[in-house]
Amino acid sequence: MADDSLLNDSNLATLGSNDDEAELLIEDDYLKGSEMQIDPELEAIKARVKEMEEEAEKLKQLQSEVTKQMTLGSPTGSTPMLTAEEKAEVDNRSIYVGNVDYGATAEELEAHFHGCGAINRVTILCNKADGHPKGFAYIEFGSKEFVETALAMNETLFRGRQIKIIKFI
């Protein structure tokens with residue numbers, strides 16, 4: 001009943017005929033009444049936003065630490081670069097895998113090629129603009145002998161698609 005008293009004709013009559021002033025009075029009285037009550041849903045949302053901001057800050061700190069670890073020992077302060085010989089050696093242990101299903105994961109590719117030998121890294125390239133996979137991957141093995149075994153898997157089915165395997169030159 002307290003809300004009805006806010007809207008009675010005597011309160012509106014004191015304002016005259018201006019509807020905007022009446023709306024402001026009603027809104028002002030409503031806001032004063034709502035300040036007394038704390039909305040638990042709003043408080044829960046505020047608490048969740050605060051948690052998310054704290055988590056984002058922690059992630060920034062972790063990213064900063066990882067970046068520092070990656071650049072240690074680099075004379076330029078950027079990511080350490082491999083020498084031409086090191087790059088050639090990595091390429092000799094790597095294959096290109098084409099026609100990879102767009103929903104494939106690195107773990108699935110690793111499992112598919114597990115029988116070939118030890119795998120150091122599986123890289124699925126993604127489009128920078130939207131983050132979606134491009135449909136091909138690179139697999140780096142622990143030894144160049146494993147590459148020959150992997151080449152024998154050319155044109156095998158992976159997730160219902162016939163994959164194409166090429167050795168780096």
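R93 is buried, with a relative accessible area of 9%, where buried means under 20% relative accessible area, exposed over 50% and partly exposed in between, taken with a 1.4 Å probe on protein chains only. Before I go on, please keep in mind that this is a predicted model, in which local features need pLDDT of at least 70 and side-chain atom pairs count only at pLDDT 80 or more, while totals for chains, interfaces and linings use all residues. Residues are numbered from 1 along each chain as its sequence is written, and side-chain values use heavy atoms, with hydrogens and water left out.

Let me stay with R93 for a moment. Its side chain meets that of E140 in a salt bridge, at 3.0 Å from N to O; by salt bridge I mean a side-chain nitrogen of Lys or Arg within 4 Å of a carboxyl oxygen of Asp or Glu. Because E140 lies in strand β3 and R93 in the loop between α5 (84–92) and β1, the pair ties together parts that are 47 residues apart in sequence. E140 is buried too, again with a relative accessible area of 9%, and a network of salt bridges links E89, R93, R121 and E140.

Now to the sheet. Helices (H or I, at least four residues) and strands (E, at least two) are DSSP runs numbered from the N terminus, and two strands pair if DSSP finds at least two bridges between them. What is the order of the strands in the open sheet? The 4 strands run β2-β3-β1-β6, with antiparallel pairing, and the edge strands, β2 (119–126) and β6 (164–167), each pair on one side only.

Strand β1, residues 94–98, pairs with β6 over 4 bridges and with β3, residues 133–141, over 4 bridges. I95 stands opposite I139 in β3, and its bridge partner in β6 is K167. Since 4 of the 5 residues of β1 are buried, this strand is largely enclosed by the rest of the structure. Further along the sheet, 6 bridges join β2 to β3, and these two strands form a hairpin with 6 residues between them, where G131 in the turn has a positive phi of about 80°.

K167 brings us back to charged pairs, for its side chain meets that of E148 in a salt bridge of 3.3 Å, N to O. E148 lies in helix α7 (residues 145–151) and K167 in strand β6, so the pair ties together parts that are 19 residues apart in sequence. Both residues are partly exposed, E148 at 46% relative accessibility and K167 with a relative accessible area of 35%. The structure holds 8 salt bridges, including the two pairs described here.
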